[in-house]
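Dear colleague,

I am passing on the structure below, together with some notes on what turned up in it. Please read them with the coordinates open beside you.

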Amino acid sequence: MAAEEPFLVDLGEADEPNETAAALPNDIADNNDEETGNSNLQSKEDIVAIFVVAFDTKSGNVIEWKKTHHPEIDFDGIEFKSMASGAHNIKSDFVYFKQNRWYGLTCYAKLAVASEEERGARMKSVGVLSLTYASLHNHMDFLQTAVDRELRSPGVYTELEAYFERHKSTDLDLKEERKSLKHFPLPDLPITHQAGSLSQLWHALKENIFVLWKCVLLKKRVLFIAPPPMEITCYKVYSSCVIATQSDPSHSRGNGNPLFYINVADIPVIQSEDVYVACTTERIFATKTGLFDACIDGNQIRLCGGDVEKQIRCTSADCIRYKTWENERQNLALAAIGDINLSQDKLLMRNFRRMNDKILGKLRDCEDADIASKELQELGLDGKSDFLFVGELIDVYGYNVDLIDEGLGGCCSTIMQ
C-alpha cells in the first residue's frame with residue numbers, strides 16, 4: 001500500500017508567482033509555495049489512543065489491541081469504523097471517522113495467507129485517535145507500515161507502543177482542548193488528500209455542485225454513498241465542507257460538522273445531529289430518508305423534504321456560474337503550470353470562498369435593512385429561484401435583514417430580529 005504525497009489544503013495567496021504563470025491568478029499559479037497550517041494543530045504530539053482491529057472469521061470485526069492513557073475514551077464500535085463494510089473486496093484503504101468527540105484515521109490492508117482458519121485472507125487495520133483531524137495526516141506513513149507489519153507478524157505491538165509514547169497528547173485537560181479546537185475555522189485545518197478530490201466532485205456533479213454548496217452553507221445533513229475504498233470519499237466530505245468557508249475566520253460559522261465514515265451502528269448518533277457531512281458504503285442508508293437532507297450517490301444528488309427541495313435547487317444563475325468557472329478551469333489546464341490537479345482544486349476553492357464572502361458579506365452589511373430580490377442578481381444569484389435559499393441563509397446565520405420580493409410585493413416570511 002503505497003503512501004500518498006500529503007496535500008495540505010491552503011487557501012492563502014501565493015506571495016511571488018513565477019514568470020511563466022504571470023497570466024494566472026497568483027494564488028493558483030504558484031504551486032511551489034510551502035503549504036502550511038496552524039502550527040499547533042500540526043503538532044505530532046496529538047494522539048490520545050492507538051489500536052489494532054482484525055477480522056475474525058467467527059466473530060467478525062474485533063478490537064485486537066488498544067492503548068490509551070485516557071480512560072474516558074470509548075472504543076465501542078470503533079472496530080466497524082476501522083474496516084468499512086465491503087473492505088474484504090479490496091486490498092487496501094484508509095478511513096477517516098469520528099469517534100464521539102475524537103477523530104480517527106485507520107489504514108487497512110489484506111494479505112493472502114495459507115490458513116484454513118482465516119479462510120485464505122488476513123485483514124487488519126491499524127489506527128489512531130486524535131484531538132482533531134487536522135494532524136492525522138502526519139501519522140499516515142507510520143500506519144501504513146504498521147498494518148503491513150501486523151499482517152506479517154501478528155500479535156507484536158512493541159512498535160505501536162513506542163510510537164504512542166512518542167506522539168501521545170501531553171495535554172491532560174482534554175475538555176479545554178476540545179473547546180479551543182471547536183472554534184478553529186475549517187480553512188486552517190489542513191488535511192492530506194489526493195489532489196483533485198474537489199475537481200472530481202466538480203466533474204461528477206457539474207452544475208449540481210452548487211446544490212451541494214447550498215446544502216452545506218445552509219448547514220444541512222449531507223450523506224455520500226459509495227463503495228469502498230473510502231479514501232477518496234472521505235476527501236470529498238472534507239472538500240464539501242471547504243466550499244462553504246469564508247476568507248475571514250471570524251466570519252466562518254461552523255464547518256459542516258464532518259463526520260467522515262459512518263455505518264449503521266452510527267444511526268443513533270446522526271439522528272441527534274442537526275448538521276453533518278458524512279459518507280458510507282452501506283446502501284441501506286439510501287432508504288432511510290429521515291436521516292439526511294441530501295444524498296450524493298454517484299453523480300446524482302437527491303434532496304429529501306419539502307422545505308429543502310423548495311429552498312435548494314439548481315438555478316439558471318448556477319448554470320451560468322458553472323460555465324464560467326469551467327472555462328477558467330480549462331484555461332488553467334491548458335496553461336499546464338505545476339500540478340494541474342492541485343491547481344484546479346485551489347482555483348475552485350478560491351472561487352467558492354470569494355462567492356461566500358460576497359453573499360454573506362452583503363447580508364452582514366445589510367443588518368437592520370432591506371434587501372430587494374433584484375439585488376440577489378448582483379450577488380450572482382437568481383432573484384426568483386434563489387429567493388427562498390437566501391431567506392433561509394438569513395434565518396440560519398441570524399442576520400437581522402428583511403428580504404423583499406418585489407415581484408410579489410410582499411416580504412419574505414423568514415425575518416430575523
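This is a predicted model: local features need pLDDT of at least 70, side-chain atom pairs count only at pLDDT 80 or more; totals for chains, interfaces and linings use all residues.

On the H3 side the contact is made by Phe-142, Ala-146, Arg-149 and Glu-150, while H4 contributes Glu-159, Leu-160 and Tyr-163. Sorted by class, this contact of H3 with H4 has four nonpolar and three charged residues, and no polar ones.

On confidence, the protein averages a pLDDT of 82, and 78% of the residues score at least 70. Two stretches call for caution: pLDDT stays under 50 over residues 176-192, for which the model has 54 contacts beyond four places in sequence, and also over residues 408-417, for which the model has 21 such contacts.

The next item is a lysine. Lys-220 lies in the loop between helix H7 (209-217) and strand S6 (221-225), and it counts as buried because its relative accessibility is 12%, where the cut-off for buried is under 20%. Its side chain is joined to that of Gln-311 by a polar contact of 3.4 Å. Leaving aside residues up to four places away in sequence, Lys-220 touches Cys-215, Val-275, Tyr-276, Asp-293, Val-308, Gln-311, Ile-312 and Glu-392.

Glu-392, one of the residues that Lys-220 touches, is itself among the buried residues of helix H14. This helix, residues 387-397, is mostly covered, with eight of its 11 residues buried; besides Glu-392 these are Phe-387, Phe-389, Val-390, Gly-391, Leu-393, Ile-394 and Tyr-397. H14 is followed by Gly-398, whose phi is positive, near 75°.

Some backbone details may also be worth checking on your side. The peptide bond from Pro-228 to Pro-229 is cis, with omega near 5°, and Pro-229 lies in the loop between S6 and helix H8 (231-242). Positive phi values also occur in residues other than glycine: Arg-119 has phi near 55°, and Lys-206 has phi near 50°. Arg-119 is found in the loop between strand S4 (102-112) and strand S5 (121-130), where it is exposed, with a relative accessible area of 64%. Lys-206, found in the loop between helix H6 (197-205) and H7, is partly exposed, with a relative accessible area of 43%.

Finally, which residues does Lys-66 touch, not counting residues up to four places away in sequence? They are Ile-50, Phe-51 and Phe-75. Lys-66 has its place in strand S2, residues 60-67, and at 48% relative accessibility it counts as partly exposed. From C-alpha to C-alpha, Lys-66 and Tyr-157 are 9.5 Å apart in space, although 91 residues separate them in sequence.

With best regards

Methods:
Residues are numbered from 1 along each chain as its sequence is written. Side-chain values use heavy atoms; hydrogens and water are left out. pLDDT is the predictor's confidence in each residue, from 0 to 100. Contact means heavy atoms within 4.5 Å. Helices (H or I, at least four residues) and strands (E, at least two) are DSSP runs, numbered from the N terminus. Ala, Val, Leu, Ile, Met, Phe, Trp, Tyr, Cys and Pro count as nonpolar, Asp, Glu, Lys and Arg as charged, and the others, Gly among them, as polar. Buried means under 20% relative accessible area, exposed over 50%, partly exposed in between (1.4 Å probe, protein chains only). A polar contact is a pair of N or O atoms within 3.5 Å; within protein, one must be able to donate a hydrogen and the other to accept it, and residues adjacent in sequence count only if both atoms are side-chain atoms.
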